Number of protein chains: 2
Amino acid sequence: MNTQASITPDQHQPIILTGDRATGQLHLGHYVGSLQQRVQLQHQYQQNILVADMQGLTDNGHNPQKVADNILNVVADYLAVGIDPKLTTICLQSAIPALAELTMYYSNVVSIARLERNPTVKSEIQSKAFGRSIPAGFLTYPISQAADITAFRASLIPVGDDQLPMLEQTNEIVRKINTIAGKNILVECQPLLSKVARLPSTDGKNKMSKSMGNTITLGADSKTISQAVKSMYTDPTHLRVEDPGCVEGNIVFTYLDAFHPDGAYIETLKQQYRQGGLGDGTTKKILEQCLQDLISPIRKRRADYLNNKDYLIEVLKSGTEHANQQTQQVLTDIKTAFGLNLF
Amino acid sequence: MNTQASITPDQHQPIILTGDRATGQLHLGHYVGSLQQRVQLQHQYQQNILVADMQGLTDNGHNPQKVADNILNVVADYLAVGIDPKLTTICLQSAIPALAELTMYYSNVVSIARLERNPTVKSEIQSKAFGRSIPAGFLTYPISQAADITAFRASLIPVGDDQLPMLEQTNEIVRKINTIAGKNILVECQPLLSKVARLPSTDGKNKMSKSMGNTITLGADSKTISQAVKSMYTDPTHLRVEDPGCVEGNIVFTYLDAFHPDGAYIETLKQQYRQGGLGDGTTKKILEQCLQDLISPIRKRRADYLNNKDYLIEVLKSGTEHANQQTQQVLTDIKTAFGLNLF
């Protein structure tokens, strides 16, 4: 089987790099925030998706099994939503040595102070309460991310605006390495900003996380979806059906906006809810049906793929081989420019 | 040509890892401090010598040419002093991907605070006046060094006592990774402490460095050796030949002790110098002759090797292939234990 058969490296097509940390199953937040978009992008660009197990280890260094267990889950999620390995290179970070090697070279042109100033890393350090015990790999992961992006010569990176400082850091490294090399080996990248607002968690308060139980994964069973919708945060002042209710900040309507195929219908529901006379039981029933319809076929395909792990491994292996060819070339270019390519 | 023909990986022979940063020509300090010892060790141990170009880049990130230019110089120095590629694996750090990959894994179990506490790194940071602009690669190089040592399963590391904190750091990583892996994949290492005191610079004040002009390289020409000895720091209170002189801290005597083959003769000279009646001109002449005799054949062999760069590259390539086999095995063992060895 050659899952890469139709990927032709067209030099005129811009290259995209995107990916996910392999630390859990993907959920509805990933679906609206990036997966849907990737299904479209694969037709217009050379799209590479990195299963970022090494990055997953930067804050799970003592629990590699958590990362290992999720690699094939993530690949199954990709295929289940319609990412096509014939159009998209799906590859495994830990199996691409050039990424680690480039990280080593880049580490010498980035100061610790610069890393500590990175706003994205700063806020992540705070949220993880690492303090001074922050692992070296975590503080330096923007360097590793720059290695990922540049190794694929990616010029377009789909991100949320909270990730813009990471791309700035990458482009700083690109300019430094090109200056040292005396030629433009590396390519600067630009964000491809998502138009979709970040999906809130079902409790409307905390960041989505499996441990908080406030997320709906792409493999969620029917009962879990039902319970998740029932427990969703709505408008706490909307006590009786006949009371006027607030749509803003009402998670049920946020999800309806994000997932219901009929936008006009949702607008009439909103109007009714604002005026009074529409109960949360009804809106939740509509949302639940919509999410059951969305997730049911994904869950089915996902389960089928996970029943055929050999196929998932083959997809990942084939994509990784393709990625190794691309990334080795960038590494070789840098080593040659640095005078280190002796044999 | 197979320069590795006689290296048989005897499991019962302890493994040594040693090496040098490829940032300059090796000098007399290296000769008495480590090179002489390595010529002996290669008969008793499985000795690996790493030409540490990646480590050289950690504080030369903006000047890779300096490192690149010195790789073959260092290999020529090794061969010229008698290190035999049939007995010792001479290999190039940047051409061994497993070292970078292991560094990435280890980075997740070492905190930034722990690195900043490392006394060796601390004093090096001070001496280099990096301040907050210390490159990430420099602060984290003890992790990379741990990768080097463990990738070769080296249990004996020839070091000066200033390097002991680096080995402590390595063994901490070894224990952490073995705990996470659930089995003893990595081997703890022990120092093989050099019995020879560190050779002072010819000016007796500063650390030896090419830019200070206070060192004698193994390729130094006859005139340079002569000038270096003439400018050597002796006893500033020893003004006239008939005055009693001090031997302690007198660089000429320190070098005579280190390099003159006839220890008994040097003892009589010391006695005479202490009593008065022996001039610095005479002691310097004796030292110069001794150093000319030592360096002349090394310089000759060194130049011959450098005239045959293809041979030097072949030695390095062959040793690196051998090293890649060894180090890939350790990497595979860790990836397998971590559940990341999918294909």
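**Chain and domain interfaces**

Reader: How many salt bridges are there between chain A and chain B?
Author: This is a predicted model, and a salt bridge here needs a Lys or Arg side-chain nitrogen within 4 Å of a carboxyl oxygen of Asp or Glu. Run that rule between chain A and chain B and the count is 0 salt bridges.

Reader: OK, how many residue pairs are in polar contact across that interface of chain A and chain B?
Author: Here the rule looks at N and O atoms within 3.5 Å. With both residues at pLDDT 80 or more, the number of pairs found between chain A and chain B is 10.

Reader: Switching to B:T170: is B:T170 buried or exposed?
Author: B:T170 sits in helix α9 (residues 164–181) of chain B. Leaving out residues up to four places away in sequence, B:T170 touches B:A146, B:I149, B:T150 and B:C189. Its relative accessible area is 1%, and the cut-off for buried is under 20%, so B:T170 counts as buried.

Reader: Back to chain A: how much area do domain 1 of chain A and domain 2 of chain A bury between them?
Author: Domain 1 covers 15–200 + 309–337, and domain 2 covers 210–301. Their C-alpha centres lie 33 Å apart, and the contact takes 12 residues from domain 1 and 15 residues from domain 2. On carbon and sulfur atoms you'll find 73% of the buried area, which comes to about 1,200 Å².

Reader: And which element supplies the largest share of the side of domain 1 of chain A that touches domain 2 of chain A?
Author: Between these domains there are 5 residue pairs in polar contact (both at pLDDT 80 or more). On the domain 1 side, α1 (28–41) and α3 of chain A each supply at least two residues. The largest share, 4 residues, comes from α1(A).

How values were computed. Residues are numbered from 1 along each chain as its sequence is written. Chains are lettered from A and ligands numbered from 1 in the order in which they are written. This is a predicted model: local features need pLDDT of at least 70, side-chain atom pairs count only at pLDDT 80 or more; totals for chains, interfaces and linings use all residues. Side-chain values use heavy atoms; hydrogens and water are left out. A polar contact is a pair of N or O atoms within 3.5 Å; within protein, one must be able to donate a hydrogen and the other to accept it, and residues adjacent in sequence count only if both atoms are side-chain atoms. Buried means under 20% relative accessible area, exposed over 50%, partly exposed in between (1.4 Å probe, protein chains only). Contact means heavy atoms within 4.5 Å. Domain bounds come from an automatic or database domain assignment. Buried area is the accessible area (1.4 Å probe) that two parts lose on being put together, summed over both.
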